[in-house]
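The stops below are given in the order to select them.

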Amino acid sequence: MTGDPLSLIVEASRRMSPTFLNYQIGSEIELILYHLLRRLKDLYDEVFVISFHDAYHFIVSYVSSVYPDGRDVFRPSHLISVNPYLEEALNPTMVIKVKDPEIIMGRIQSKLLSLDPDNGKRKLFIVLGLDLYGIRYREELVQIVPMISRMLAKEEGSNVLVTFNVRAFPETVSEIIDCFALNVFRFAVEVKKRTIRRKLTVIRSPFIEYNLRSWYYTVTKEGINFELAER
């Protein structure tokens, strides 16, 4: 598994949720998510995307410009759009246009119950754009993160992946956010002299022996290549 950190993320997320994929611009988190979804989608009966402020639209537009099957890989069983503008053209399963965390979560929960009242299906939840929501509503961010984490993770047989741009907020806010994730993986861009490299670090996972280990990675049309970083 040390040669393939994506397998580590897949297995960690299957064991316990939620999993936070913390990133900074330039780390190509969109393409990382594409490769994760290719491995995970077939393991679940339904895929839900909960998208804040058109995050799904922008991610899919970028991924499909790199990988021809990008739209198919990201196509969910249900799309729930929170405060969208462009995504309304995609005919989401549900559109929510409020900023209040309790109302947002209440409507999402009601929709989930109406779609599967017996709660018998294995669900994969992808939460996108919480950082965009937090930029606009900073105080509401620290309320909605624990609410969405607890509600989705308690779904029986569920897997929850959340992307979050930690560089958009002070470190104190990012630390609060991480408290509500059982798995935390950081995707960063490291600059040393004239060298710029992308770096994945396992912050927290059920695989204790890999925690705080890092890999450098490169993204190509063929996939992602990893190189174990020296401690």
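This is a predicted model: local features need pLDDT of at least 70, side-chain atom pairs count only at pLDDT 80 or more; totals for chains, interfaces and linings use all residues.

Residues are numbered from 1 along each chain as its sequence is written, and side-chain values use heavy atoms, with hydrogens and water left out.

Select residues 138–153, helix α7. Helices (H or I, at least four residues) and strands (E, at least two) are DSSP runs, numbered from the N terminus. At 1.5 Å a residue, the 16 residues of α7 should span 22 Å, and the end C-alpha atoms are 23 Å apart, which agrees. The expected span is 1.5 Å times one less than the number of residues.

Go to I144, where α7 bends by about 30°; the bend is the angle between axes fitted to the seven residues ending there and the seven starting there. A proline, P146, follows within four residues. Both I144 and P146 are among the buried residues of α7 (buried is under 20% relative accessible area, exposed over 50%, partly exposed in between; 1.4 Å probe, protein chains only).

Next, select E28 and R198, whose side chains meet in a salt bridge at 3.5 Å, N to O (a side-chain nitrogen of Lys or Arg within 4 Å of a carboxyl oxygen of Asp or Glu). E28 lies in the loop between β1 and α2 and R198 in strand β8, so the pair ties together parts 170 residues apart in sequence.

Finish at K192 and E190, a salt bridge at 3.8 Å, N to O. Salt bridges that share partners join E190, K192 and K199 into one network.
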